[in-house]
Amino acid sequence: MENVMIMEHPLIKHKISMLRDKKTGTNEFRKLVEEIAMLEGYEALADLPLEDREVDTPIETCITPMIAGRKLAIVPILRAGLGMVQGLLSLCPTAKVGHIGMYRDETTHEPVPYYCKLPKPIEERTIVVMDPMLATGGSAIDAINQIKALGGKHIKFMCIIAAPEGLEKLHAAHPDVQIYIGNLDRQLNSDAYICPGLGDAGDRIFGTK
Ligand code: PRP
Ligand code: URA
């Protein structure tokens, strides 16, 4: 599938396995989500454009590459996406951070949006939308609809675990969006939870239940 990258790095695989374990507590879970986001971010930002700049080293002046052009916007989908933000900020500390708030209706599994605040001008930025879970795809599709309606153009979506159902829907709705996935799991269950998954990501990051 074009524009879809599933992570192969053994560190990411190992850390996702630790996330899945129901014995992993909140503190460790948070750290793992942040670390995985950083490792995925390294891959997701591999196509950032470079430009040559002049730099004075202690020895001489040289022409050397630095990140060019479009600025970065990190946009977590609340709540669980918040857990991934620091991972990407540790790679790109000057990135701006927007927020999109939505939760899934428990019976329909449809996303219910409640908040949206993006850094301006959004149309000039590379935007990385983050959410650990891509289940039915409803939340990611709606978040990206909102970003595009506000002018966002260069959009990437990063998640830790995806269900095949959600990946297919998201890719069909937004074929231009580059999708980065930690692991593609087997399927959704009748409650639209990912199997084997890791349970409710928001509850496990924030210790609610
Ligand atoms: C979870 C998750 C995604 C969404 C994925 O959030 O963090 O946002 O479900 O499901 P989907 O692909 O079927 O839309 P949840 O609705 O539990 O909200 P929360 O983060 O506030 O707990
Ligand atoms: N949201 C979660 O947090 N987990 C799932 O398995 C599906 C949606």
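The model is predicted: local features need pLDDT of at least 70, side-chain atom pairs count only at pLDDT 80 or more, and totals for chains, interfaces and linings use all residues. Residues are numbered from 1 along each chain as its sequence is written, and side-chain values use heavy atoms, with hydrogens and water left out.

**Helix α4 and I144**
- I144 belongs to helix α4, residues 138–149 (helices are DSSP runs of H or I of at least four residues, strands are runs of E of at least two, both numbered from the N terminus).
- I144 counts as buried because its relative accessibility is 0% (buried is under 20% relative accessible area, exposed over 50%, partly exposed in between, with a 1.4 Å probe and protein chains only).
- Leaving aside residues up to four places away in sequence, I144 touches V129, I155, F157, L170, H174 and V177 (contact is heavy atoms within 4.5 Å).
- Between I144 and I127 the C-alpha to C-alpha distance is 9.9 Å, at a separation of 17 residues in sequence.

**Helix α5 and H171**
- H171 sits in helix α5, residues 164–173, and is buried, with a relative accessible area of 17%.
- Residues up to four places away in sequence not counted, H171 touches M1, E2, N3, V4 and I179.

**Surface patch and L91**
- M38, Y42 and L91 make a nonpolar surface patch of about 300 Å².
- L91 is located in the loop between α3 (82–89) and β5 (96–97), and counts as partly exposed at 33% relative accessibility.

How values were computed. Chains are lettered from A and ligands numbered from 1 in the order in which they are written. Patches are made of residues with over 30% relative accessible area and no salt bridge: like charges are joined within 9 Å, nonpolar side chains (Val, Leu, Ile, Met, Phe, Trp, Tyr) within 5 Å. Accessible areas come from the Shrake-Rupley method with a 1.4 Å probe; for residues, only the protein chains shown count as cover. A salt bridge is a side-chain nitrogen of Lys or Arg within 4 Å of a carboxyl oxygen of Asp or Glu.
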